[in-house]
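Colleague: Could you walk me through this fold? I'd like to hear where each label comes from.

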Amino acid sequence: MRIPTSRVQWICEDFSLHSSRKTHLNDLNIKLQDKNQLVFQMCAAVKAFKMKLKLFRSQLSKGEMYHFLTCAQRIPQHKLAELGEKYAKHINLLIEEFDRRLTLSKEEDVQLKLIEDLFSVDPEDMPLDLQLEVTELHCSAVYRNKHRASSLWDFYKNLDNEKYKNLIEVALKMFSIFGSTYICEQTFSIMNKIKQHSSLIDDHLEDIMKISTSDVTPKYNKLVAEKRCTISR
């Protein structure tokens, strides 16, 4: 998931936000780049940011610069209202851009809410093939307590595969969606540290890609022990 910063870079510059402190957009980017995040967490971060944008728009239109301290310090008091209204229009463009690029379909939104907060949804609002399974779980105090006490992954992993197969299928689909930005950043970082660029071939690059994007630690001692050298006589 990428943040459309190119079209609004000039807004940040106009706001004088490129300072030692993180900008609001940078904060969101950092949140989305965190490793091992589920799609629920990323969607929540984007949703929260869109709500912040609406708050900024409302406050800027009134000349309030509380959340843009550099602007509040540099803009003369008598120009706050005029410039605030101008900046509010820019923020509105950013809101429209987020809505265009980062809005879930109705089906995706229903599935996310279902898997993330199973016991708060109305079974009648769910797809037909899930209604009975959701209803049964709603009536189980045991599963309700497990849902509250365990992680989402552990909860769905321990459901009966036959009894709740449709629900588990949706859960697996949601869990398979993950952020990939950190993988790209990690890979480029490792590639930049390699000194023998000129001697690399495609096979080397493929091996490096696999190692740099995997959490598995190679068993070097075992690999070396199994490696047999051919001795010529």
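Modeller: Helices (H or I, at least four residues) and strands (E, at least two) are DSSP runs, numbered from the N terminus. From the N terminus on, the elements run α-α-α-α-α-α-α-α-α-α-α-α-α, which comes to 13 helices and zero strands. Bear in mind that this is a predicted model: local features need pLDDT of at least 70, side-chain atom pairs count only at pLDDT 80 or more, and totals for chains, interfaces and linings use all residues. Residues are numbered from 1 along each chain as its sequence is written, and side-chain values use heavy atoms, with hydrogens and water left out.

Colleague: What makes H2 roughly antiparallel to H3?

Modeller: Axes are lines fitted to C-alpha atoms, for helices over the stretch in contact, and angles run from 0 to 180 degrees between N-to-C directions. Angles under 35 degrees count as roughly parallel, over 145 as roughly antiparallel, 65 to 115 as roughly perpendicular and the rest as oblique. Helix H2 (residues 24-33) and helix H3 (residues 39-61) pack at about 170°, with their axes 9 Å apart. That angle makes H2 roughly antiparallel to H3.

Colleague: Which residues in H2 and H3 meet?

Modeller: Contact means heavy atoms within 4.5 Å. On the H2 side you have His 24, Leu 25, Leu 28, Lys 31 and Leu 32; on the H3 side, Met 42, Ala 45, Val 46, Phe 49, Lys 52 and Phe 56.

Colleague: Why is H6 called roughly perpendicular to H10?

Modeller: The axes of helix H6 (residues 106-116) and helix H10 (residues 165-175) come within 10 Å and cross at roughly 105°. So H6 is roughly perpendicular to H10. Gln 111, Leu 112, Leu 114 and Ile 115 in H6 meet residues in H10, among them Leu 167, Val 170 and Phe 175.

Colleague: Why is the pair of Phe 155 and Tyr 156 called edge-to-face?

Modeller: Rings of Phe, Tyr and Trp (its six-membered ring) pair if their centres lie within 6.5 Å; planes under 30 degrees apart count as stacked, over 60 as edge-to-face and the rest as tilted. The whole structure has nine aromatic pairs. Take Phe 40 and Phe 175: 6.2 Å centre to centre with 85° between the planes, an edge-to-face pair. Phe 40 sits in helix H3 and Phe 175 in helix H10, 135 residues apart. For Phe 155 and Tyr 156, the centres are 5.0 Å apart and the planes are at 85°, so that pair is edge-to-face. Ring pairs link Phe 40, Phe 119, Tyr 143, Trp 153, Phe 155, Tyr 156, Tyr 164 and Phe 175 into a cluster.

Colleague: Why does His 147 count as buried?

Modeller: Buried means under 20% relative accessible area, exposed over 50%, partly exposed in between (1.4 Å probe, protein chains only). His 147, at 14% relative accessibility, therefore counts as buried. His 147 is in helix H8 (residues 141-149). Leaving out residues up to four places away in sequence, His 147 touches Glu 116, Asp 117, Leu 118, Phe 119, Leu 152 and Phe 155. Of the chain's 233 residues, 34% count as buried.

Colleague: How many residues has the largest nonpolar core?

Modeller: A nonpolar core is a set of buried Ala, Val, Leu, Ile, Met, Phe, Trp, Tyr and Cys residues joined through side-chain atoms within 4.5 Å. The largest has 48 residues, and Phe 98, Leu 114, Ile 115, Leu 118, Tyr 156, Leu 159 and Leu 167 have the most contacts inside it. H3 supplies the largest share of this core, 10 residues.
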